[in-house]
Each structure stands twice: as C-alpha cells, then as structure tokens.
Amino acid sequence: MPDQDSDPVAAALSGSTDLYDVAEWEPRSALDGFSVRLYGALHASRRWLLIALAVLLFVAQLAGTVLLAVRRPELGALGALSVVPALAIVGYLWYGDPTMREPLEPLAVTFVLAILFASIAALVNTLLQPLFTWIPVVGMALFFFVVVGPIEETVKWLAIRVGGYGTIDAVVDGVVYGAVAGLGFATIENALYISQGYTQAASAQNGDPIVAALQTATSRAFVGPGHVLYSSFAGYYLGLAKFNPDDAGPIVVKGIVVAALIHAVYNTSVTYLPQLLPWNAVVFVGFVVAFDAAVGYLLYRKLRRYRDHYERATNA
C-alpha cells in the first residue's frame, strides 16, 4: 500500500533525484526566500491584524458610547454597576479554580479583547439581520440561532484564544477565561444599551434621561450573567481541546455550538414569550434568574466533576 503521507514520485525517487518544485520543496531562489519571510511575518502578526481590525471597528461603532460615558460620569457608573452580578460570577469561578488561580494580566487582556471583538459581532449582526426580518414568525429565531449565538460566542472565544490561551495549564482554566470574555462582552453591550436608553429619552424629551438609563442598567444587570455563563462553556471546551490536540478542532466546535445554542435559546425565549404569556418586568426578571440558574447548574456539575477527578489525581 502506498504511503498516504508522501507523493508517489517522492516516495519512489526521493534521495536519488532532485525533486525541487516537482514533489519536494525547500527555499532556493530569491522568490522562495521572499515567500518564507512573508509567510513568517503574516503568521507572526495574524493576531495583531485581528486586533487592529477590531480596534478600527470599535472606534467606528462603539467609541461614541465610551465617550458619552466619559462626558456623563453617571452613565459610566451605571454601566459599571450593571455588570456587578456578572463580575460576581467571574470572581466565584476564579476563586474556586481547583488547580491554580489564573494571573490577572492575561485575564485583563482577555477582558479588553472581548470588548474590542464585540465590535465584530455588532457589525455582522447589523449586516445580516435584515435578511431575517423578511421571514415571517420564525425569522428572529433563525437570526438568533444562525447569526447572533454563533457570532457572539465565536468572538468571545477569539478573545480567549488570542488573550489568555497560552496561560491555560489545566482544562478548567478555560472556564475562567471564558467567563472573563463574557464579562468584557457584557460590559460594552451594557454600556451601549444604557447610552442608547439615555440618548433616546433625551431626544424624545419624554421623561428624565437618567431615569431611563437607570431602568436600562437595572434590566441589563440581570442579562449580563448570561454572557459569562455561555462563554464559560466555550472556554471549558477550549481548555479541553488544548490538552487533546488530535481532536482539538471538533472539541472547539462543540464548545462554541453549546454556548451558541444556550445563547440563542435565551434570546428566542425573551423575544417570543412576551407574545405568548402575560409579561412584565417581574416576569422578565424571574425568567432570566431561572434560566441563568439552570445554565449555571449545568456548568457547576461540569466543574464539580472536574474537581472530583482533580482531587482523586492529587491524592493518588
């Protein structure tokens, strides 16, 4: 049986015949050398090119939100307060890491990257949403499952992969980085919604804009933990993939799919349930708390299983 890893010409003639540019290759010419150097530069700078793209998109789309928060410190304060529940979950996961708590520097990098990469998701969502608004009844559900869930969880995963991936030294560490990525994404998303609530109320001259911003911040405080929980699943499977390189691709895909499905189920539920059930602020808060509690329990069970095996391994 021929060697599946070698070209048949190379398998038969390698070592006895010059097969350069036929079935074998090494840099010989000036063009070859240029190609090697260009590839090396592109490979080394790929993450910086991604970050640069995210920065440009962020400035174009979301920098106004940040500037408004700077000019109106009370909006910045509301934005910070709105992520406190999400931050509490991140702190719990970080403190409860059974192996070794992750250093703050890569966590901070992951957090900032998630804020920047959110601009990529915002652009894709904005461009593709009109394609689904024409579909009756199920259009928005399809949008959440096909676009919003996969895109937003992918950009959060990218923040982990570009940021803290190199410091993951145990599968469970991926959960912490996933949670931090979710926190970064929730932070900029909350700031965007709070700013929009303020500016819409101010332009309509209908009530106090700060009151509108406060109401938005309150609702977003209950929404933010979801982002942390969803991307924690993707982070867990990224950690698992790191230590199972032969199956890394499918494992990563599984993690993003799990996170995206949970995310899409939530979005679809809060979009369609108000049309089917009596719905008010109390019902909304009750649903969000129950949904996040169920997702959090599934994550807790996964972490508990890892912790049990870790304790067995360290006590063996």
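Hi everyone. Let me start with the second largest pocket: helix H5 (84-95), H8 and helix H11 (281-315) each supply at least two residues of its lining. Before I go on, please keep in mind that this is a predicted model.

So which helix gives the most to that lining? H11 does, with six residues. In total, 17 residues line the second largest pocket, and Tyr 92, Leu 93, Tyr 300, Leu 303 and Arg 307 are the ones that lie nearest its centre. If you sort the lining by class, you get twelve nonpolar, two polar and three charged residues. The space in the second largest pocket comes to about 300 Å³.

Now for the largest pocket, which holds about 780 Å³ of space. Its lining is made of 31 residues, and nearest the centre you will find Glu 152, Glu 189, Tyr 193, Arg 220 and Asn 267. Which helices contribute? Helix H6 (104-133), H7, H8, helix H9 (209-242) and helix H10 (248-276) each supply at least two residues. The largest share comes from H9, with seven residues. By class, the lining of the largest pocket divides into 17 nonpolar, eleven polar and three charged residues.

Let's stay with H7 and H8 for a moment. H7 covers residues 139-162 and H8 covers residues 173-204; they pack at an angle of about 120°, with their axes 9 Å apart. Angles of 65 to 115 degrees count as roughly perpendicular, so H7 and H8 are oblique to each other instead. The crossing of H7 with H8 is right-handed. On the H7 side, the contact uses Glu 152, Val 155, Lys 156, Ala 159 and Ile 160, and these meet Tyr 177, Gly 178, Ala 181, Gly 182, Phe 185 and Glu 189 in H8. That contact has six nonpolar, two polar and three charged residues.

My last stop is another helix pair. Helix H2 (residues 30-61) packs against H6 at an angle of about 70°, and their axes are 8 Å apart. H2 and H6 are therefore roughly perpendicular to each other, and their crossing is left-handed. From H2, the contact residues include Leu 50, Ile 51, Val 55 and Phe 58, while H6 brings, among others, Leu 113, Leu 116, Phe 117 and Ile 120. What classes make up this contact? There are 13 nonpolar, two polar and no charged residues between H2 and H6.

How values were computed
Residues are numbered from 1 along each chain as its sequence is written. This is a predicted model: local features need pLDDT of at least 70, side-chain atom pairs count only at pLDDT 80 or more; totals for chains, interfaces and linings use all residues. Side-chain values use heavy atoms; hydrogens and water are left out. Axes are lines fitted to C-alpha atoms, for helices over the stretch in contact, and angles run from 0 to 180 degrees between N-to-C directions. Helices (H or I, at least four residues) and strands (E, at least two) are DSSP runs, numbered from the N terminus. Angles under 35 degrees count as roughly parallel, over 145 as roughly antiparallel, 65 to 115 as roughly perpendicular and the rest as oblique. A crossing is left-handed if the near helix is turned anticlockwise from the far one by less than a right angle, and right-handed if clockwise. Contact means heavy atoms within 4.5 Å. Ala, Val, Leu, Ile, Met, Phe, Trp, Tyr, Cys and Pro count as nonpolar, Asp, Glu, Lys and Arg as charged, and the others, Gly among them, as polar. On a 1 Å grid over the protein atoms alone, a cavity is a set of points where a 1.4 Å probe fits but cannot get out, and a pocket is an open set with protein on both sides within 12 Å along at least five of seven lines; lining residues have an atom within 4 Å of a point. Grid points are joined across faces, edges and corners, and a volume is the space filled by probe spheres set on the points.
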